[in-house]
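Visitor: I am new to this structure and would like to learn how to read it. Could you walk me through it?

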Amino acid sequence: MTAPADYNEKIPNNVSLHEDRRLQRALESWQPNFLQWWESMGPALPTRDVYLRTAINVGREGWAQFGHVPMRDYRWGIFLAERDPGRRIGFGEHKGEPAWNKVPGEYRAELRRLIVVQGDTEPASVEQQRNLGATAPSLYDLRNLFQVNVEEGRHLWAMVYLLHAHFGRDGRDEAEELLHRNSGSAESPRILGAFNEETPDWLSFFMFTYFTDRDGKYQLGTLKESAFDPLSRTCEFMLKEEAHHMMVGTTGIDRVVERTAQVMVENDTDDVVALGAIPLNVIQKYLNFHYSVSLDLFGSETSTNVANYYTAGLKGRWMEDRRRDDHKLASDAIMVDALSEDGEICQAEVAALTGLNSDLRREYIADCETGVRRWNKILADAGLPQRLYLPHVAFNRKVGVFAGVEASPDGEKLSPHEWAQRSSAWLPTDVDKTYVRSLMQPVHERGKIAAWIAPPRHGINGKPFDYDYVHLS
Ligand code: BYC
């Protein structure tokens, strides 16, 4: 059984932290550094309090409590999903053996690496979103931004707990480093590419929460399968929080598309620039950018790292227990994206183990398509013929087999010269970005909303749209 959440402690937790004084002291000495980081790199807009959800236990029902809280007093805690004492490893060469509660010496470096990479993305996203509060389209959206931010902060705590509890001095050093690397920094950038990009406007924010947070969902889904039970339980609970981030992205883009469609129909024009909405081709360009940098987050099409992670039992597949195979994959094959000898985009058969990044990316792509269908339904319902689409997997890639080639969103291979001439039709230009930014005038008045986005269908936790979600200071 998991201990009930203890809220009397300095660090709320359900891991009986008080029973391990050394660990508790180590985490309590990391806490002021975290708070200092939050003050200097977290949300810049000054607020008195925000209507936030706080995790209070991990049970199926009632795990969250809602209320107005000053953000600096948010109770970032350590919560692991309930322990199943009989859990067995579901894949790899240790399949069928009891799950591990301690890190096996031979896998220490790999596990630490996975936890550090995961941990690094969490504060990175908070840094990327630091200045968005100043241009929020409504108090509802402002509140959602801050909710995402505090939960990414909690996810950092989740990874730091694992590092402190299971990796000794190296783990503590890594936990410090997580606060020292910064998104976009020239000297010490965040580890993965997408987390060094800017999130300068709310269209980018919604695209980020749709496409990049969704990579988080899939990566956490594979780590939830891990033989290392504390990592598995941590990720399981993080996934519950992640669902809200998905909702913010999906409905955020819904509402942008809805407003654009409305302005197009009312004025019988595609050119909505003078009318204060975001043109569909600009929405498509932002989509192209965020989707392609998020595809990079899955690593190379073939990777011995991922084969080793799987065989060792550290990182499984999405929905591992629903797969109908031997969960070892030693003699299986898989088709992956590739370049032929003459450089054409094609498919190649590789060992299933080395192709696991491709397997996960494929699951992710299928999920991304559901969003596009939703947005196209909004356009169809408005009576418009235009449609959004996901660009080809080779488009604008910086990691993996397509990093060395240029391709159009249709998957046509281009010479560097053609790419230079045509890419401004597919990726946001300075003009597009300047226009989108010009729309980002803050609407911090209760019940009001900016003109470039439709209001949401529902408020948060049963509250209406015009609820006082945020009190500014
Ligand atoms: N940028 O063998 P390869 C989230 C590195 S998002 C820069 O193909 P592998 C969130 C790679 O590390 C989820 N470098 O890669 C979302 C390796 O370097 P080393 C985050 C990259 O290991 C929104 C080398 O290239 N979690 O939670 O099979 C808001 C060779 O690559 C990139 C995870 O990613 C890149 N894009 O797989 C908040 C889960 N891609 O080790 C939060 C943990 C690869 O040779 N991470 N490299 O120095 C992993 O499972 C794997 O490390 C990766 C890559 C999936 C990232």
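Guide: We will start with the ligand and then visit a few residues. This is a predicted model, in which local features need pLDDT of at least 70 and side-chain atom pairs count only at pLDDT 80 or more, while totals for chains, interfaces and linings use all residues. Residues are numbered from 1 along each chain as its sequence is written, and side-chain values use heavy atoms, with hydrogens and water left out.

Visitor: Which residues are the closest to the ligand?

Guide: A residue is near a molecule if one of its heavy atoms lies within 4 Å of it. Here 28 residues surround the ligand, and the closest are Gln118, Ser300, Ser303, Lys315 and Asn357. By class, this shell has nine nonpolar, twelve polar and seven charged residues. Ala, Val, Leu, Ile, Met, Phe, Trp, Tyr, Cys and Pro count as nonpolar, Asp, Glu, Lys and Arg as charged, and the others, Gly among them, as polar.

Visitor: Which elements give two or more residues to the shell around the ligand?

Guide: Helices (H or I, at least four residues) and strands (E, at least two) are DSSP runs, numbered from the N terminus. The elements in question are α2 (108–128), α5 (202–223) and α8 (304–312). With seven residues, α2 gives the most to the shell.

Visitor: Is Gln24 buried or exposed?

Guide: Buried means under 20% relative accessible area, exposed over 50%, and partly exposed in between (1.4 Å probe, protein chains only). Gln24 has a relative accessible area of 5%, so Gln24 is buried. Gln24 lies in helix α1 (residues 21–41), and a polar contact of 2.6 Å joins its side chain to that of Glu9.

Visitor: Where is His245 found, and is His245 buried or exposed?

Guide: His245 belongs to helix α6 (residues 229–267). His245 counts as buried because its relative accessibility is 0%. Between His245 and Ser408, 163 residues apart along the chain, the C-alpha atoms are separated by 30 Å.

Visitor: What phi does Asn461 have?

Guide: Most residues other than glycine have a negative phi. Asn461 is not a glycine, yet its phi is positive, about 55°. Asn461 lies in the loop between α11 (430–439) and β7 (470–472), and counts as partly exposed because its relative accessibility is 43%. Ser16, also not a glycine, has a positive phi of about 50° and sits in the segment before α1.

Visitor: Where is the place of Asp359?

Guide: Asp359 is in helix α9 (residues 356–381). Asp359 has 15% relative accessibility, so Asp359 counts as buried.

Technical notes
Polar contact = N/O pair within 3.5 Å; in protein donor to acceptor, adjacent residues only side chain to side chain.
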